[in-house]
Amino acid sequence: MKIAIIGTGISGLSMANLLKDNHKVVLFEKQDRYGGLVKCDIVDSVLFHKVGGHVFNSRNQDVLEWFWSHFNRDEEFIKVKRNSKIFFQNKIIGYPIENYIYNFDKETVTSIVKELTEHEENDKISPFEYPNFEEFLKSNFGETLYNLYFKPYNNKIWRTDLSTVPMQWLEGKLPMPNFQEIMVSNIVREEEDTMVHSSFFYPKKGGSQFIVDRLAQGLDIRTSKEIDRIVKENGKYTVDGESGFDKIVFCGDVRKMPDYMENIVSQKIDISRLKTLRSNGTSNLLCETDENDYSWLYIPEESTRAHRIIYTGNFAPSNNENRKRKTCVVEFSGKTDYEDMVQEIKKLPGNLSPIHYNYEPNSYVIQSFDTKELILETKDILEEENIYLLGRFAEWEYYNMDKCIESAMYLSEKM
Ligand SMILES: Cc1cc2nc3c(=O)[nH]c(=O)nc-3n(C[C@H](O)[C@H](O)[C@H](O)COP(=O)(O)OP(=O)(O)OC[C@H]3O[C@@H](n4cnc5c(N)ncnc54)[C@H](O)[C@@H]3O)c2cc1C
């Protein structure tokens, strides 16, 4: 078959690699570079993750095997231990917060333990039976921890009413500690790096750009080609003037897709519902920082606008070559002006000084109660026409890179 892939993030590139041995594959990318959210720049000899701080791991053995068939794990990657912390009331405390409640004053600890005990005694429903994310957090961790940490932190990231977020999106994504585990962790004071899934892989050089550079090798990629029209003629598709495509894999933003399709299926797709899907952007400020050994620092309080610092300089020595101080990325949800970010970092630890910044308008997808059903319906309609949705913004899933690869593996089998 001749297959067009629209979008060259990790989803499109993985898919192309899965298909290329048996099919002719052409990729189209609207930007002047492949990579999507995973792209990195070099700024003043420092590696800058334009979005997030992209590290790799997976619980899926097939994904790991596929990934390591493209990379030499020992030669090309470093295994880094997670060391997450929380910046709270001007102190650095351990992560996750429920394992460190001994840091609070006696009155707060008493309320938290009382609420956790009540939950343990009364509430035996599974996480997915809660009506929404807000109710789940309140019930599982109690009102006190919810108000101190979970509410402000999640509000900062999602900038949305948590009672409108369904529980489905959490499936397989968050550990669900029980009362006994929380109490044991608080008494034993176990560090995060002794826990399961306590490490991740990171390229020795080039950050996540290294990953997409390798996956892009040998592919037919057409950059600076925004596909805004797909035409069907005699059962085949024409994309960007090139005809004869049997199938299309779309890895862009599903909200825009029906507009591109020249009446192919537009009457059948519920376009107005697709257009209501919500997303958030991210502003990243690359900074110099004082030395520490953290990987992430979560910043829940409302008094600061940043929600996380990613210590990318600690992931690989090559990330701050030729620089005296270490580097990190301070992450803000939504569009934040450079001057505002520079003011905000004064409230954070580490004597941060700015180097560069980036704003990405589309980074987080927000699911609503009908999102899964809507996407499934849309996929069914499109697949009858040999058009397939793949990736974070096409499937409207809170995917990490490994989940994009997993989804590409599933789709390539299906196709
Ligand atoms: C802040 C943050 C931190 C993250 N950290 C991690 C992490 O540490 N580890 C991890 O595994 N994952 C992480 N992720 C998730 C990861 O970024 C995504 O899972 C992954 O990058 C999504 O890839 P994708 O190909 O589906 O989408 P994208 O990367 O968005 O790629 C889509 C591509 O399609 C192109 N495109 C769109 N429309 C068109 C069109 N009409 N014509 C042509 N081209 C088009 C776009 O330009 C883009 O290049 C993080 C995400 C965020 C936001």
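Surface patches are made of residues with over 30% relative accessible area and no salt bridge; like charges are joined within 9 Å, nonpolar side chains (Val, Leu, Ile, Met, Phe, Trp, Tyr) within 5 Å. A salt bridge is a side-chain nitrogen of Lys or Arg within 4 Å of a carboxyl oxygen of Asp or Glu. This model is predicted: local features need pLDDT of at least 70, side-chain atom pairs count only at pLDDT 80 or more, and totals for chains, interfaces and linings use all residues. Residues are numbered from 1 along each chain as its sequence is written, and side-chain values use heavy atoms, without hydrogens and water.

Start at the surface. V184, I187 and V188 make a nonpolar patch of about 310 Å². I187 belongs to helix α6 (residues 179–188). It is exposed, at 69% relative accessible area (exposed means over 50%, buried under 20%, partly exposed in between; 1.4 Å probe, protein chains only).

Now turn to the ligand. An N or O atom in the H54 side chain lies 2.6 Å from a ligand oxygen. The protein buries 93% of the 1000 Å² that the ligand exposes when taken alone.

Finally, the cysteines. A disulfide is a pair of cysteine sulfur atoms within 2.5 Å; the count is 0. The sulfur of C251 is 8.8 Å from the closest cysteine sulfur, in C404, so a bond is ruled out by distance.

Key:
Accessible areas come from the Shrake-Rupley method with a 1.4 Å probe; for residues, only the protein chains shown count as cover. Helices (H or I, at least four residues) and strands (E, at least two) are DSSP runs, numbered from the N terminus. A polar contact is a pair of N or O atoms within 3.5 Å; within protein, one must be able to donate a hydrogen and the other to accept it, and residues adjacent in sequence count only if both atoms are side-chain atoms.
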